[in-house]
Amino acid sequence: MEHLIFQRPEKYRKARLEEKNWNGSKILVKDIQIQFYQYAGDKSQPVILFLHGWRSSASRMIQRMKHFTERGWSVLAIDLPNHGSSEA
């Protein structure tokens, strides 16, 4: 079932998050490369995790994330499998 949930045509894939002061990295989870993005804010401020919805990606949440980065928060955003820059 998990495999079927994350399938969709490549033509609908959302763009990669490319913003100043964001670091992008990949991790390997069950042989799938997962893209995540990190914004390092003030260490005394909270950290918030953003998870996108169906047919979306981290890049589609940038305006929501800016609300927190402008206040000095650290932000972690993940492109789930077959979304954004993560592998299918």
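Q: How many aromatic pairs does the count come to in this structure?
A: The count comes to 3 aromatic pairs. Keep in mind that this is a predicted model.

Q: Why is the pair of Trp22 and Tyr39 called tilted?
A: Start with the distance: the ring centres lie 5.6 Å apart, and rings pair if their centres lie within 6.5 Å. Next comes the angle. Planes under 30 degrees apart would be stacked and planes over 60 degrees apart edge-to-face. The planes of Trp22 and Tyr39 sit at 50 degrees, so the pair is tilted.

Q: What makes Trp22 and Tyr39 a link between distant parts of the chain?
A: Trp22 belongs to strand β1 and Tyr39 to strand β2, and they are 17 residues apart. Both Trp22 and Tyr39 are also buried, and buried here means under 20% relative accessible area.

Q: Which residues do ring pairs link into a cluster?
A: That cluster is made of Phe50, Phe68 and Trp73.

Q: Why does Lys30 count as exposed?
A: The cut-off for exposed is over 50% relative accessible area. Lys30 has 69%, so it is exposed. You'll find Lys30 in the loop between β1 and β2.

Q: What makes the phi of Lys30 worth a look?
A: Most residues other than glycine have a negative phi. Lys30 isn't a glycine, yet its phi is positive, near 50 degrees. Asp31 isn't a glycine either, and its phi is about 65 degrees, again positive.

Q: How do you know that β1 and β2 pair?
A: Count the bridges! Two strands pair if there are at least two bridges between them. β1 and β2 have 8 bridges, so they pass, and they pair in the antiparallel sense. As an example, Val29 stands opposite Ile32 in β2.

Q: How do you know that β2 and β4 are joined, and which way do they run?
A: Strand β2 (residues 32–39) and strand β4 (residues 74–79) share 5 bridges and run antiparallel. At least two bridges are needed for a pair, so 5 is enough. Within this pairing, Gln35 has Asp79 of β4 as its bridge partner.

Q: What joins β3 to β4, and in which sense do they run?
A: There are 5 bridges here too, but strand β3 (residues 47–51) and β4 run parallel. Leu49 stands opposite Leu76 in β4.

Q: Why is the pairing in the sheet called mixed?
A: Strands of a sheet can pair either parallel or antiparallel. This open sheet of 4 strands has the order β1-β2-β4-β3. β1 with β2 is antiparallel, β2 with β4 is antiparallel, and β3 with β4 is parallel. With both kinds present, the pairing is mixed.

Q: What makes β1 and β3 the edge strands of this sheet?
A: β1 (22–29) and β3 each pair on one side only. On average, neighbouring strands of the sheet are turned by 25 degrees against each other, direction ignored.

Q: Which elements make the right-handed β-α-β unit?
A: The unit consists of β3, helix α2 (residues 62–69) and β4.

Notes. Residues are numbered from 1 along each chain as its sequence is written. This is a predicted model: local features need pLDDT of at least 70, side-chain atom pairs count only at pLDDT 80 or more; totals for chains, interfaces and linings use all residues. Side-chain values use heavy atoms; hydrogens and water are left out. A crossover is right-handed if, with the strands pointing away from the viewer, the path from the first strand over the helix to the second runs clockwise. Axes are lines fitted to C-alpha atoms, for helices over the stretch in contact, and angles run from 0 to 180 degrees between N-to-C directions. Rings of Phe, Tyr and Trp (its six-membered ring) pair if their centres lie within 6.5 Å; planes under 30 degrees apart count as stacked, over 60 as edge-to-face and the rest as tilted. Buried means under 20% relative accessible area, exposed over 50%, partly exposed in between (1.4 Å probe, protein chains only).
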